[in-house]
Amino acid sequence: METVDVQGASIPAIGFGTWTLKGEQAASLVQHALETGYRHIDTAALYDNEEAVGAGIRSSSVARDDIFLTTKVWHTDLARGELQSAVRASLDRLGVESVDLLLVHWPSKIIPLAETMEALNDVAASGYTRYIGVSNFTVPLLSEAVKLSQRPLICNQIEYHPMLNQDKVLKACSDHGMAAVSYCPLFRGGDLFTDSRVTSLAGKYNKSPAQIVLRWHLQQPNVIAIPRSTKPNRISENLDVFDFSLADEEMRSIDQLRSNGIRMCDFEFAPVWDG
Ligand SMILES: NC(=O)c1ccc[n+]([C@@H]2O[C@H](COP(=O)([O-])OP(=O)(O)OC[C@H]3O[C@@H](n4cnc5c(N)ncnc54)[C@H](OP(=O)(O)O)[C@@H]3O)[C@@H](O)[C@H]2O)c1
């Protein structure tokens with residue numbers, strides 16, 4: 001498995017996303033993902049599946065130390081003391097002593113960022129997580145967070161796929177030495193998989209449209225993708241993207257789709273996005 005190496009962390013370039021997966025299905029898919037070669041699992045307190053993710057990890061034949069496990073704290077739990085309690089509850093549900101990466105799931109418009117960064121550094125100092133980072137942070141929020149954090153922030157997890165231009169925040173991640181973790185990397189399927197640019201490359205390389213899109217992510221500097229699937233064969237397929245490369249002009253042809261400017265995860269609590 002290729003890794004993205006930032007700030008002393010080595011993060012597997014493809015992770016398994018678990019949003020919407022629940023209960024026994026989540027546990028068995030996590031187990032399958034690990035046994036098929038994934039070493040990076042993405043969950044969150046909000047997903048209400050941390051117990052199942054932990055069960056899947058324990059049922060697998062892969063040692064906990066070989067897995068890069070990420071969870072996230074919800075934006076209502078970012079105050080001093082509350083963040084620490086939320087993380088302890090996540091660790092209890094997961095059944096692990098620590099995670100590899102703890103993310104602020106969304107920035108808060110109410111709780112001061114200084115307080116959140118202090119608490120985030122505190123949980124890292126307590127050994128609850130190896131690394132810390134953020135998610136859904138814009139360029140100005142990222143600069144502020146970096147200034148306020150004693151420890152390095154190793155990534156910003158953001159919505160990124162060929163239907164959305166994220167050049168500004170990607171540049172900010174790069175300037176801060178952070179990885180960009182693409183969520184919704186497949187645009188949840190949809191129109192992307194029938195686009196002629198994607199399907200013609202799929203034909204050329206004898207790969208699926210999903211594999212072409214994942215390869216497009218991986219060929220960008222310090223970009224990681226965390227696709228989700230409920231189908232074991234697709235989970236395996238989404239990892240089988242390390243044996244071919246897209247040419248520069250093929251990368252650029254997929255880039256052109258970004259002018260669609262479609263953002264799927266936008267909520268009333270979202271920050272004002274980078275223009
Ligand atoms: N930080 C955040 O705020 C945030 C927000 C959203 C998501 N995330 C994380 O990012 C992960 C991925 O995002 P996502 O789950 O929203 O979307 P996604 O991974 O872009 O797309 C998932 C969809 O694509 C389909 N799919 C997966 N592999 C496929 C393949 N090889 N061929 C055809 N279809 C395929 C799946 O259907 P089937 O199940 O039928 O295969 C599913 O409907 C989440 O699970 C979560 O861990 C984070």
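This is a predicted model: local features need pLDDT of at least 70, side-chain atom pairs count only at pLDDT 80 or more; totals for chains, interfaces and linings use all residues.
Residues are numbered from 1 along each chain as its sequence is written.

**The whole chain**

Show the C-alpha atoms and turn the view along the principal axes: the atoms fill a box of roughly 55 × 45 × 35 Å. Of the 275 residues, 47% count as buried. A residue is buried if 20 or more other C-beta atoms lie within 10 Å of its own, exposed if 12 or fewer, and partly exposed in between, with C-beta atoms placed from the backbone.

Switch to a cartoon, which has 10 helices and 10 strands to show. Helices (H or I, at least four residues) and strands (E, at least two) are DSSP runs, numbered from the N terminus.

**The sheet**

Select strands E3 to E10. These eight strands form an open sheet in the order E3-E4-E5-E6-E7-E8-E9-E10, with parallel pairing; two strands pair if DSSP finds at least two bridges between them. At the edges are E3 (16-17) and E10 (223-225), each of which pairs on one side only.

Next, pick E4 (residues 40-42) and E5 (residues 68-73), which pair in the parallel sense over three bridges. Asp42 has Thr70 of E5 as its bridge partner.

Move on to E6 (residues 99-104), joined to E7 (residues 129-135) by five bridges, the two running parallel. Leu102 has Ile132 of E7 as its bridge partner. Ile132 also has a bridge partner in E8, Leu153. E7 and E8 run parallel and are joined by three bridges. Both strands are mostly covered: six of the seven residues of E7 are buried, and seven of the seven in E8.

**Helices H5 and H6**

Select H5, residues 139-148. Leu141, Leu142 and Ala145 are buried here. They lie on the same side of H5, because they cover an arc of only 100 degrees around the axis; the arc is that of the directions from the helix axis to the C-beta atoms. An α-helix has 3.6 residues a turn, so residues three or four places apart point the same way. On the other side of H5, Pro140 and Lys147 are exposed. The buried residues of H5 pack against helix H4 (113-125), E7, E8 and H6.

Now select H6, residues 167-175, and colour its buried residues Val169, Leu170, Ala172 and Cys173. Their arc around the axis is only 160 degrees, which puts them on the same side of H6. Asp167 and Asp175 are exposed on the other side. What do the buried residues of H6 pack against? They pack against H5, E8 (153-159) and E9 (179-183). H6 is followed by Gly177, whose phi is positive, near 70 degrees.

**Two residues with positive phi**

Most residues other than glycine have a negative phi. Go to Thr20, where phi is positive, near 80 degrees. Thr20 sits in the loop between E3 and helix H1 (23-36). Is Thr20 buried or exposed? Thr20 counts as exposed, because it has 12 C-beta neighbours inside 10 Å.

Then go to Asn222, in the loop between helix H8 (209-218) and E10. Phi of Asn222 is also positive, near 55 degrees. Asn222 is partly exposed, with 18 other C-beta atoms within 10 Å.

**The ligand**

Finish at the ligand and select the 27 residues around it, of which Gly17, Trp19, Tyr183, Ala210 and Arg228 come nearest. A residue is near a molecule or strand if its C-beta atom, placed from the backbone, lies within 6 Å of it. Colour this shell by class: it divides into 10 nonpolar, 11 polar and six charged residues. Ala, Val, Leu, Ile, Met, Phe, Trp, Tyr, Cys and Pro count as nonpolar, Asp, Glu, Lys and Arg as charged, and the others, Gly among them, as polar.

Definitions and conventions:
Two residues are in contact if their C-beta atoms, placed from the backbone, lie within 7 Å.
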